[in-house]
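Please read it alongside the sequence and the coordinates.

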Amino acid sequence: MASGTQTRPFLRLLEASGSPLYVIGPQGDLVYLSAGCADWLGVDLNLLLNRRCIAGSPVSDEPYDRLAAALSPPTGLSQRGTASLRIQPPTIGDIRPDVIEVRFTRAGHHDKAITIAVGGKFDDRVIDQELRDAVAIRSQLDRWRKKHADFTNLVTAGQSPAVRRLRRRLRVASSTRTDLCLCGPRGSGSESIARSVHQASSANEPFMAVDGSLMDPELLDAVLAPIIHPLTESPQSLATTLVRGLDEMPPEAQRRLVEIWQTFGGRLRIIGLCGTQPAVLSGTDKAKNELAPSLIIDEISPEGISVDLWEILAALTVTVEPLSERVEDLPLLAAAILDKRRALGEGTAERFSRAALDAFVIYPWPGDYQELDEAIRHAIRTSRSETIGIEQLPLAIRSYRPGSGSVAAKRLNISLDDALSRFELRMIQQALEATNGNRAEAARRLGISRARLLRRIDPPKAD
Amino acid sequence: MTPHPLVLDVVESDTSSIVDLLIPGLPAVVLWEVEPGSLREAAHQFIKTNDRFPLALQLVADRGLSVRERMLLAEFPVAVLLKQPEQLPKIRPLIEGHFASAAQPVD
């Protein structure tokens, strides 16, 4: 066997360097410790020689056995060939050794392999800038996803039948990767729900959200390009697109979306968001009856979902009920939003007064969940005490009266006699104005007697 | 269909002063220039801008992003990724539509 150069110069330099270095023999015993180890451990190194240095092996209560065992490399070194470990040697007497990072390297094969351990500081594990950026972007993405997930959790909180139904349907939607249509009013958080469903069912798929109402076919191609590209490159690729305002999407753009979907089969998943009662645009009667029995059919309306697109989405349709249908959930939702805001450090308010909660229940919430969230933020900002009173709520909410919306409707229920007498009176007034208050002339122009005119403008007292 | 004033202001800005130019509740379009080195900062800005100014339509001018990076950006609140300035006329309907829809009262 060939021999190497003399070890004496190497050992001299090693001792001079002061670096802790030790060698573990093929049997797992300490066979060499440099002078640097003496400085580090503060013990007589000869007492450590030939002691077992294997991770996980039984250790006696003898302090030096325990110290030698603490210097052992992590398990799996024989497979990996190298490993790093921060070592905290046990205290012996008054000496408390520092924690240092030790790099282990395995040299040789099988039963002749030895392990060389060097203590020190190593910079090669610092990740490069590109990797650091990737991690930072990933964390931003996670934050963005979490924001939507949190929002979804809040929106779907409650015990009303509507929300229980919604949660059950979302569980189904999250458990399978299928095209999906979410119907809900503006501000109901259906986009956040859609993103959460996507995350739950196919988190690693490329995802692209588009505004349906703003699309035309060319623009749709341009916008979807980043997720379409991988689909054409590889037959295994999958992608999801979320289309906001699907029922407001121009028919040509809907046709293009259907074409793209057909090109890639089920590999491009469409999640559509639309209003509470989307119309299916004119198809055949057969299509209307078979595909959308529960939807309002409106041939005249320019807005709606084409039959072809509806055929894709009809597999799973989830309706997000408006807040006005979930009145019993309102106190719980309001409390949950307030808790979340307080946890984020916004304001000091802790609860709502009875009057404020009553106002929440009475108000019809045309802006749905988003309006509730904004109203509570407003209340938190204006509140100076721990309880949010009705006076802290936005004007629209605190001044809302349940009857005010139906006043116009009540007027429409007026009787025919009342309407005719009003009309008659108005005609008489116009005639009087035209004749400068001459009652006889006005009566003549209207073709009625003067006495009748007088009865109309000055009706006799009831008593 | 753009609200008054009918001519839109086009303002060049650096990333840090974007928030001073946007007005909450008013529609706006922000065109970000994103290159591979600025992806991390851009992602942060997309979320921040969307949080504070939900009516700001965010577009990205892609300066040499890889396909993987473009796909990553697609999940953030970005409406369109543009590769060439020549694509700008194509997104005109999007911008007009954005101002038109943002001008509608919330029902």
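Predicted model: local features only at pLDDT ≥ 70, side-chain atom pairs only at ≥ 80, totals over all residues.

A residue is called buried if 20 or more other C-beta atoms lie within 10 Å of its own, exposed if 12 or fewer, and partly exposed in between.

- Strand E1 of chain A, residues 21–24, has A:Tyr22 and A:Ile24 on its covered face, whereas A:Leu21 and A:Val23 belong to the uncovered one.
- E1(A) pairs in the antiparallel sense with strand E5 (residues 114–120) of chain A over 4 bridges, and there A:Ile24 stands opposite A:Thr115.
- Strand E2 (residues 30–33) of chain A also pairs with E1(A) in the antiparallel sense, over 3 bridges, with A:Leu30 as the bridge partner of A:Ile24.
- The hairpin of E1(A) and E2(A) has 5 residues between the strands, and A:Gly28 in this hairpin takes a positive phi near 85°.

**Nonpolar cores**
- The largest nonpolar core has 93 residues, of which A:Leu182, A:Ala334 and A:Leu372 touch the most other members.
- Helix H8 (residues 217–233) of chain A gives the most to this core, namely 7 residues.
- Because domain 2 (140–321) and domain 3 (326–401) of chain A both give residues to this core, it lies between them.
- Leaving aside neighbours within four places in sequence, A:Leu372 is in contact with A:Leu323, A:Leu333, A:Ala334, A:Ile337 and A:Trp365.
- A second, separate core of 17 residues includes A:Ile24, together with A:Leu33, A:Cys53 and A:Leu77.

Note on methods:
Residues numbered from 1 in each chain as written. Chains lettered and ligands numbered in written order. Core = buried A, V, L, I, M, F, W, Y, C linked by C-beta atoms within 7 Å. Helix = DSSP H or I, 4+ residues; strand = E, 2+ residues; numbered from the N terminus. Domains from an automatic or database assignment. Contact = placed C-beta atoms within 7 Å. Pairing = 2+ DSSP bridges.
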